[in-house]
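Hi,

Here is the structure I promised to pass on. Please have a look at it first, and my notes follow just below.

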Amino acid sequence: MNNKKIKEIMKAQGYTIEMLSLISNIPVGTLSKIISGITANPGFETMSAIATALNCSLDEFSERPVTIPYDYEEYLRRFKQLPVCQKEYIKYVIDLEYDRMTRLKTNEKMTLRCYEFTNIVNGWAEFDSVKTHNVTVDKNPLTEDCTFLVWIRTDLLEPKFFRNSVLGFHRNDCLRPKNGEIWMVLHNGLLFIGRFYKNHKNVLLKSLNGTIDDISVTDYYQYRRVGRYVGCMDVPELTTEKAAFQQD
């Protein structure tokens, strides 16, 4: 029994020991000993009561693989309440992404340079705060179109890109952005990822989540185009945050 897992689940759901005691009908003293690790092997009925109170599986308290994590169960509950048309759309997205991931999986590998920017100010990343990683990815049409990667370490690009997403970019200063394309641009030592839109003769750079005012791009040299977004990459060694990276 891994007492740290209980702490993690309690924290994720906002439970205190007192609250868990009230819901599970287990004395606070007993829970404290279990959670602190003093009681290493509590009884099945006790652990079952805790799992029921936390709405999770007993497997989550051990090192065994979890069949359905408790947070996924909540999404499944919500999914069941949606209209049929919305269920079909969600299934379509899952199938699409799964097929894409499977199709792009190959045995051939290649190395790409990945950049991580540690200082983000109002949605702009300081270029000088960059850390560089060399990462190994599957060699496929998507990765071959990339010239560099960017590891997103912030939630400022949600819901388009979530924290720990790895984005692939193609560097080509000769290309002019097409309407709706996502690009990374450099301006006064600051980097920004946004979407280009053309309105008659006006060219606008819009933030992905609407939190930053539209930027009127009157001079492409003022806003240097660093790279065009190609797609999200599967780079487990980065997103699990467990690997030792090669620094430059």
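Let me start with leucine 104, which is buried at a relative accessible area of 12% (buried means under 20%, exposed over 50% and partly exposed in between, with a 1.4 Å probe and protein chains only). Leucine 104 sits in the loop between α6 (84–103) and β1 (109–117). Helices (H or I, at least four residues) and strands (E, at least two) are DSSP runs, numbered from the N terminus. Setting aside residues up to four places away in sequence, leucine 104 touches Asp138, Asn140 and Leu142, where contact means heavy atoms within 4.5 Å. From leucine 104 to leucine 205 there are 101 residues in sequence and 31 Å in space, C-alpha to C-alpha.

A word on the source: this is a predicted model, so local features need pLDDT of at least 70 and side-chain atom pairs count only at pLDDT 80 or more, while totals for chains, interfaces and linings use all residues. Residues are numbered from 1 along each chain as its sequence is written, and side-chain values use heavy atoms, with hydrogens and water left out.

On confidence, the protein chain has a mean pLDDT of 85, and 92% of its residues reach 70 or more; pLDDT is the predictor's confidence in each residue, from 0 to 100. Please treat one stretch separately: over residues 242–248 pLDDT stays under 50, and the model has 15 contacts for them beyond four places in sequence.

Now to the helices. The axes of α2 (residues 17–24) and α4 (residues 44–54) come within 9 Å and cross at roughly 105°. Axes are lines fitted to C-alpha atoms, for helices over the stretch in contact, and angles run from 0 to 180 degrees between N-to-C directions. That makes α2 roughly perpendicular to α4 (65 to 115 degrees; under 35 is roughly parallel, over 145 roughly antiparallel, the rest oblique). Here Leu20, Ile23 and Ser24 of α2 meet Ala49, Ile50, Ala53 and Leu54 of α4.

Helix α2 also packs against α3 (residues 28–36), at an angle of about 120° with the axes 9 Å apart. That makes α2 oblique to α3. On the α2 side the contact is made by Ile17, Glu18, Leu20, Ser21 and Ser24, and on the α3 side by Val28, Leu31, Ser32 and Ile35.

Serine 21, found in α2, counts as buried at 13% relative accessibility. Beyond its neighbours within four places in sequence, serine 21 is in contact with Ile26, Pro27, Val28 and Leu31.

Best wishes
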